[in-house]
Amino acid sequence: MSEENHLKDGGARVKFICLWKGSISEKLSSDDFKIYESNASQLAKSLLLQEKYGLSPVAPDGKVGGNGAIKVNLSFGACLIVSMSGKLPGSIDILKHICLVLNFNEDLWQCEYFAEQESVKPTSDTPMHYAALNLDGKIHMKAYPKAALHGHGLATSEVAEKLNIPCSPEDTLFSTREDMEALVKLIRQYPYPLNKVFIRKNHGYYLLGEDMSDCVENSLNKIILPYI
Ligand SMILES: [Zn+2]
């Protein structure tokens, strides 16, 4: 079944267990919060840019098909700042629409996270970001990316070929183990930082960068300018 039909049948976007551990503003120290604030603001700006160019198209349920992640080192360890699942188009509030993922346990297919309230869940693509940004040491790389941008706007092998971007052959339901593994396999086959842009067939494009500005630059140069 395709992800579109899965959602039409009332299936969940987020297909892993989310354990809410409290609100970002209450849980972070002031030093950690400063790091969160500056990175979350960059993420918000970049996501709006993707929306502006139609790279994160709005799904039939009115929610945006795109997200992003930044790896940050806080006083208690490495975490992932990600956009929320099922975000509506338009303005992004860094407390209401962004989550801080504390860990992702692949065996249990479960994450622990902070967000303003329990009903706000991290993006359904959290497993993919966690693996690609290498918080679990899954992929050996010469250099490690710290930021990722992803949208459902470009997702076919024809577009990948036209733009000369590596594309995975697997067609998977989003937010599943198979979906994450398909991206990991693609990055292993086309290593970062030599490659920074990828296409997951029938899912979307995936950009890695040394920081969010690098992702945006790649988005402009490798996707937006040649394609749009
Ligand atoms: Zn996605």
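This is a predicted model: local features need pLDDT of at least 70, side-chain atom pairs count only at pLDDT 80 or more; totals for chains, interfaces and linings use all residues.
Residues are numbered from 1 along each chain as its sequence is written.

Helices (H or I, at least four residues) and strands (E, at least two) are DSSP runs, numbered from the N terminus, and two strands pair if DSSP finds at least two bridges between them. The strands β2 and β3 run antiparallel and are joined by six bridges, forming a hairpin with two residues between them. β2 also pairs with β6, again in the antiparallel sense, over five bridges, and here G66 stands opposite G151 in β6.

A residue is called buried if 20 or more other C-beta atoms lie within 10 Å of its own, exposed if 12 or fewer, and partly exposed in between, with C-beta atoms placed from the backbone. A nonpolar core is a set of buried Ala, Val, Leu, Ile, Met, Phe, Trp, Tyr and Cys residues joined through C-beta atoms within 7 Å. The largest such core has 55 residues, and those with the most contacts inside it include I81, C99 and L183. In soluble globular proteins, nonpolar side chains tend to be buried together.

Two residues are in contact if their C-beta atoms, placed from the backbone, lie within 7 Å. Leaving aside neighbours within four places in sequence, L183 is in contact with several residues, among them M128, F198 and Y206. M84, in the loop between β3 (77–83) and β4 (98–105), counts as buried because it has 23 C-beta neighbours inside 10 Å. The C-alpha atoms of M84 and C99 are separated by 6.1 Å, although these residues are 15 residues apart along the chain.

Helix α7 comes next. Its 16 residues (212–227) should span 22 Å at 1.5 Å a residue, and its end C-alpha atoms are 21 Å apart, which agrees; the expected span is 1.5 Å times one less than the number of residues. Within α7, M212, C215, V216, S219 and I223 are buried, and what covers them includes β2 (66–74) and β6 (147–151).
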